[in-house]
Every structure is written in structure tokens, then in C-alpha cells.
Amino acid sequence: MSSSPPPSTTRRHLLVFPFPAQGHMLPLLDLTHHLASHGGFTITILVTPRNLPILHPLLSAHSSDSVRTLVLPLPHHPKLPHGVENVKDIGNHGNIPILLALRQLHDPVVEWFNSHTSPPNAIISDFFLGWTQSLAEHLQIPRIAFYSSGAFLVNVMDYCWIHTKTINLRSSITIPNLPNSPSFEREHWSFMSLNYQDSDPDWVVLRDDAIANANSWGSVLNTFENLEHEYLEHLRKVRDEGRVFGVGPLNPIGAKDGRNPIRDSSLNLLTWLDGCPDDSVVYVCFGSQKKLNQQQMEALASGLEKSGTRFVWVIQTIHQTDGGSDGIPTGFENRVSDRGILVKGWAPQVSILNHRAVGGFLSHCGWNSVLESIVGGVMILGWPMEADQFINARLLVEELGVAVRVCEGANSVPEPAELEKAIAGSLREESPEKMKAKALKREAVEAVRSNGSSWKDMEDLVNKLTHLPLRK
């Protein structure tokens with residue numbers, strides 16, 4: 001166990017506990033940055049050793065009096081390879097064993113808490129860590145559930161977990177008590193509730209953990225009022241009215257990719273974008289987890305080539321073929337070298353989506369990518385593949401009108417001709433989705449400005465946390 005010296009007793013002490021997956025961890029660190037910047041708090045972040053480097057940008061931005069760490073070894077789980085402590089190192093099938101391993105930190109956290117001269121006044125933990133609700137009750141402090149997702153997804157997940165035993169028998173579901181009575185095909189539900197097995201004790205525990213989130217003292221969501229007003233209002237009705245906070249988008253508007261410094265190799269990419277006309281480039285990226293198969297790679301390459309448009313394609317998650325190829329069709333790079341850039345590794349996504357030259361984003365519809373696209377005012381070409389992405393895509397396409405769906409499913413292969421049409425269409429000035437995306441950007445900017453909806457919710461959250469009772 002490793003931790004920093006005790007915090008000052010004049011400040012409220014917050015224990016922040018992220019779930020170690022990029023899409024979960026980075027937004028919670030963004031929230032931590034906002035809270036630390038307000039002052040009045042000492043914040044301890046609980047991580048396992050191999051996740052500590054992810055905290056370095058945050059730690060370097062704040063003094064040790066403000067933000068420090070509690071480093072605990074990740075307990076053993078038989079389905080986790082040695083050394084794996086983050087979902088990015090194993091893929092989404094690693095969510096469950098990592099969740100179960102982290103549950104075993106209950107006693108070490110209690111031991112640390114009881115030995116601390118100034119223990120935390122509250123816990124802020126990822127919604128995947130619902131077991132920390134019982135931990136907080138044991139420690140007799142409030143727990144705030146942090147959702148790196150939107151309010152629509154939270155409402156759908158709550159319904160699915162509560163009704164898991166009955167909905168798993170159906171081929172589709174409609175949720176009548178939610179605004180717009182959304183319907184979903186079975187394969188589009190939450191992957192966890194979809195795979196729930198009543199006969200498996202681990203699944204029963206995880207279901208109970210998920211349901212426990214509703215009992216938290218507060219719920220903080222990375223969304224904003226004009227993006228999900230109806231769904232935030234519904235969540236406020238079923239939870240405590242004054243304890244649901246929509247504080248997004250958390251990654252600062254117009255920011256460079258502050259979570260990762262702009263690497264030298266990316267400067268050439270940004271310089272290339274500088275030479276492109278406004279709204280003339282399609283950005284293609286499917287996040288840090290999904291691996292495309294060879295057929296998907298070929299269809300995507302064909303669609304990009306036939307569209308005749310400029311593009312940036314991030315390909316770090318390509319499925320490696322038996323021959324060691326990176327999956328890119330032979331000769332493709334040479335044929336498109338005058339109008340396309342293939343990035344084989346990390347790319348500064350925030351900077352790319354905020355660049356004036358980028359007008360479309362071919363995306364898996366993960367929530368972080370959704371918000372970064374909204375902040376950039378860029379319409380989305382949606383290809384949801386798994387987890388929450390189908391639910392996010394429904395919100396974007398059917399309710400907000402800022403996206404078009406070009407394909408769906410982890411193993412689906414898009415029709416190249418249809419993909420070509422969608423890519424070219426995303427750059428037309430008269431596209432209604434494009435106009436709505438630009439309008440939504442303005443609303444996102446307003447939300448985080450002084451007296452905007454997210455600014456007010458953040459101030460309210462800070463005020464409530466500041467007035468938590470000090471431990472005697």
C-alpha cells in the first residue's frame with residue numbers, strides 16, 4: 001500500500017475511485033481536475049500500480065496538497081493475465097474479471113481509512129464500482145456515483161438491471177416509462193445485463209452492485225441539459241431531485257488533448273489539416289478497444305477511396321492477420337496518399353475534431369467520442385458495435401439528428417457503395433445533420449460557460465461537497 005501524507009483538516013477530503021478503462025477513467029480524472037481547481041478539497045485518487053502513469057498529467061497540474069494517490073495492488077483473479085490492470089490491455093471481455101478483482105479492495109480501503117488521521121468525507125466512484133455504495137455505508141460517508149456516460153444510457157441500464165430476469169426472455173424491449181418510450185432489439189441492450197446468468201453467483205453480485213448505484217448520495221453525469229434534458233429530468237424524478245448533476249462536457253471546450261501531450265509525430269498531421277479547406281476531411285476512429293476484421297478493413301478502405309474525400313484514419317486497433325499484415329489492402333496507401341493520412345498509433349482526437357478542416361467523424365459512438373464530436377461541431381457517421389454504443393447511436397440519429405447510421409454490429413461489414421455515399425454526404429454544406437451538429441456545439445459551449453447549465457450543476461456539486469460535515 002502506498003499513499004501520500006495526510007491532508008489538511010480544514011479541507012473536505014474526497015476519495016476518487018476510477019474504473020480502469022480509458023473511457024471511464026479519463027472523464028473522472030477530468031472531473032477531479034475541475035474539483036481540484038475550485039479549491040477547498042484534498043483529493044486522493046485510488047489506483048493500482050500499472051494505472052498510476054495515467055494520472056501523471058493531472059498530478060503535474062496540481063500540488064500534492066490538492067491531489068495525491070492511494071496505490072493498492074490489484075487482487076488476483078483467475079481470468080486476468082498477470083500484469084493486466086486496465087481494460088485496454090485485455091479488451092472488453094476483461095471488464096468482468098477486473099470488476100470482481102477490484103471488489104476485493106473493500107477491506108484494504110477500510111484499513112487505510114481507519115488508520116488515516118484525516119479520512120475522506122466522501123467517495124466519488126465510477127458507476128461500474130457499485131459495491132462502493134456498501135463500502136461508503138460501512139464507513140458512514142456519502143458516495144457519489146460518477147457516470148462517464150449520458151443520462152439516456154443510465155435510465156436504460158437501470159431498467160435493464162431491475163428487469164434482467166424477465167427481459168432476457170424477450171427478443172426486444174420497450175421502456176414505456178422513459179420519454180419517447182424507446183425500443184431496442186435484444187442485441188442492443190447493455191452487454192452486462194444481456195449476459196446476466198441467474199445461476200452464476202458472480203453475476204448476481206454484479207447485478208446487485210449495478211442496482212446499488214440508485215442508492216448513492218448523488219449522481220454526476222458527463223452530459224449537459226440541452227443534450228439530454230428529458231432524460232436528466234427523468235433521472236431526477238427517480239432519484240433525489242437535488243442530487244443529479246449534469247456537468248459535461250468535462251474535457252474543456254476547444255482544448256488541446258490535455259490528457260496526452262501533442263506528440264511530435266502528430267504535428268505533421270495537424271500541419272496537413274491546416275492546408276485543407278474547411279469541413280473537407282472525414283476523421284475515422286473506432287476507439288481503443290474494437291478490432292476490425294479483414295473484411296471490415298477492406299470495405300472501409302474501399303468506401304474511403306471511392307468517396308474521393310480527404311480523410312484521417314486512425315488504425316491502431318486493426319486486427320492483425322495470420323501473415324502479420326496490418327489489414328490495409330495492398331496499394332491502398334499509395335493510391336490515396338494525396339488526400340488521406342493513415343495514423344498507425346495514437347492520434348490527438350480532441351485537436352483533430354476541433355480543427356476547422358474536419359467535417360465528419362466515422363465513429364463507434366462511444367460516449368467520450370460523442371462528446372468530443374459535439375464539442376468540435378462535427379457530425380457523426382455512426383457504426384455502433386457493442387456495449388453502450390447502440391443506445392448512444394439511437395440518441396444521436398433518431399432523437400438529436402446530428403448523425404447518420406452507416407452500419408451496426410461488431411461483425412457487420414458495410415456496403416462500400418453505401419459507405420462511399422455517406423462519407424461524401426457528410427461533407428455537404430446543406431446536410432441537416434451537419435447544421436444540427438454545429439448548433440449543438442454552440443449549446444455545449446453555453447453549458448460550460450458562466451451561468452450555463454453544466455457550470456451551475458458543477459457549482460452546486462462543489463457547494464454541496466464543501467459543506468459535507470467534517471469527521472470528528
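Colleague: What makes the strands of the open sheet, E13-E12-E11-E14-E15-E16, count as paired?

Modeller: In this predicted model, the six strands lie in that order with parallel pairing. Two strands pair if DSSP finds at least two bridges between them, and three bridges join strand E15 (residues 379–382) to E16, so E15 and E16 meet that rule. One of the bridges links Leu-381 to Val-404 in E16. The names come from DSSP runs, numbered from the N terminus: helices are H or I with at least four residues, strands are E with at least two.

Colleague: Why are the helices H12 and H17 called oblique to each other?

Modeller: Their axes cross at roughly 50° and come within 8 Å. Axes are lines fitted to C-alpha atoms, for helices over the stretch in contact, with angles from 0 to 180 degrees between N-to-C directions. Under 35 degrees is roughly parallel, over 145 roughly antiparallel, 65 to 115 roughly perpendicular, and the rest oblique. H12 and H17 are therefore oblique.

Colleague: Which residues of H17 make the contact with H12?

Modeller: Pro-416, Leu-419, Glu-420, Ile-423 and Ala-424 of H17 do, meeting H12 residues that include Leu-300 and Lys-306; contact means heavy atoms within 4.5 Å.

Colleague: And what about the numbering and the confidence limits?

Modeller: Residues are numbered from 1 along each chain as its sequence is written. Local features need pLDDT of at least 70 and side-chain atom pairs 80 or more, while totals for chains, interfaces and linings use all residues, and side-chain values use heavy atoms, leaving out hydrogens and water.
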